[in-house]
Amino acid sequence: MVLPAFVFLLALGLRVAWILNVPSKPVGDFAMYWESATHLLEHGSFDDQFIYMPGYVLLTAGVRALGGGHLALKLVGAVLAALAAPLVYGLALRLWNRRAAAVAGVLYALWPGGVAVSSVTGTDIPAAVLVTAGAFALAQVRPGAPYAGAWVGGALLGLAAWVRAVALPLAPLSAGLLWAGTRRLRPALIGAAFATAAALLVLAPWAARNHQRYGQWFLTDSHGGLTALVGAYPNTDGRFTRALNRSFETVTGIPWLGAPHRKADELAYQEARRWTRFEPWYAVGLGLSRAETLLSNERSLLYWPLYRAGVLKAEKRAVFDRWRREIETSTDVFWWFLLLSCVAAVPLAVAQRHWAGLGLVPLQLALTGVYVLYFSESRYHLSMAMLAFPAAGGVWIFVFDELKRVWLWLRERRARPNVVALGAIALTLLVTLTLWRGGQRLGQGLLQNRRWAVHACHVEQQPQHCLWKRADASV
């Protein structure tokens, strides 16, 4: 228990120190959570414009009801983020080994991007911690008792979905992680069904609330269609703009984020699908662009706690401006090593037939796929990042051991290194980097060559979105 306690205290100390020295103010969506919690406490209900998952607002309201302010809410977030350190340690211990667990836990505690966002009050860290907790519970299954961990893990994923709905599909995809623990397909599939049932049970009160308000049973929020529409908007290459708000209201008669919410969301989904079908190759380019936004760097995580206008006072901001290049570079380098280590863990696990090391891959791919399909920001990858640390620990320990073997082999011609595993890792990284660079170029080319535009217009006095592109896309 010494090492889990150490990584928890290290992670907590760094995040609390950051929060106390970087007093960022909540702005944008992060301010909205605070305002929604205020309305909930004052009126006993969510405001009419609230269409999001309620978990983080409920947490914020609880902190406020106990007399806490912004600092108290940040400290609660720091404790939650620090709790992920022993969870990461436990995952690496279960899926790899004790040495890998120590490396993974320390790497998580020192994670620059994770420390930086600890001063931002939002849904990203709490949802990521709950996803990690769910994965930890699922990883504890044993052949003799395969279902208790499934129930607990599914319940935790259900709690994560109360914060961010994207966590819900992870429950049925837990079969891979359960198989890593049981090594039998049937218990893994049954366990995944139990995990899904547990997640649905945890979300049942939210579904009942939605039925009472909207007359429909559903487990998610009411802005997924709006998010998809933003991600498909060609005029800004899938980025948010108020021009889309105005055109949407002109065409539908419903204000952006306004009532009736379910109808607005359904209409937005219909338009997003229509836009995707209108120029599919451009949509592919947008998907590749979203993948780059999601995974390419972590310097954009620094925007909300440090570099967004108004989040820091001028004198504090000046300090970080002076060292901005160094801060951003070190943050990115750490992330690139983490990401490449996670990729390298796949061929390592296959070469060594260490199938447990692949247990988290379905969850990571699912999270990545949802954001690439809809809309992405770099802060959305925090859940994938937390799940990457166990694999990074396993890879780093393997590389360290193999470097010692290489040295001994060169010096004394003994302890021959694992050429197969090293070659598989090198080949996978080479292919990954080649595909990544090729994907970047392909995405940029598709966005440029298949560009089109949309605007609100009237046809026979009926408002609609008119879609325009060149008659010959090759010109």
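Predicted model: local features only at pLDDT ≥ 70, side-chain atom pairs only at ≥ 80, totals over all residues.
Residues are numbered from 1 along each chain as its sequence is written. Local features need pLDDT of at least 70, side-chain atom pairs count only at pLDDT 80 or more, and totals for chains, interfaces and linings use all residues, while side-chain values use heavy atoms, with hydrogens and water left out.

**View 1. Helix H17 meets helix H19.** H17 (residues 324-351) and H19 (residues 382-412) pack at about 70 degrees, their axes 7 Å apart. That makes the two roughly perpendicular (the label covers 65 to 115 degrees). H17 goes past H19 in a left-handed crossing, meaning the near helix is turned anticlockwise from the far one by less than a right angle. Have a look at the contact (heavy atoms within 4.5 Å): H17 brings residues including Phe 334, Trp 335 and Leu 338, and H19 brings residues including Phe 389, Val 395 and Trp 396. Sorted by type, the contact residues are 16 nonpolar, two polar and no charged.

View 2. E1 (residues 453-459) and E2 (residues 462-468) run antiparallel, joined by seven bridges; strands pair if DSSP finds at least two bridges between them. His 458 sits opposite Pro 463 of E2. Two residues lie between the strands, and Glu 460 takes a positive phi near 55 degrees.

**View 3. Trp 162 pairs up with Trp 206.** These rings are 6.0 Å apart, centre to centre, with 55 degrees between their planes, so the pair is tilted (rings pair if their centres lie within 6.5 Å; planes under 30 degrees apart are stacked, over 60 edge-to-face, the rest tilted). Trp 162 belongs to helix H8 (residues 148-163) and Trp 206 to helix H10 (residues 185-214), 44 residues apart.

Notes:
Axes fitted to C-alpha atoms, helices over the stretch in contact; angles between N-to-C directions. Helix = DSSP H or I, 4+ residues; strand = E, 2+ residues; numbered from the N terminus. Parallel < 35°, antiparallel > 145°, perpendicular 65-115°, else oblique. Nonpolar A, V, L, I, M, F, W, Y, C, P; charged D, E, K, R; others polar.
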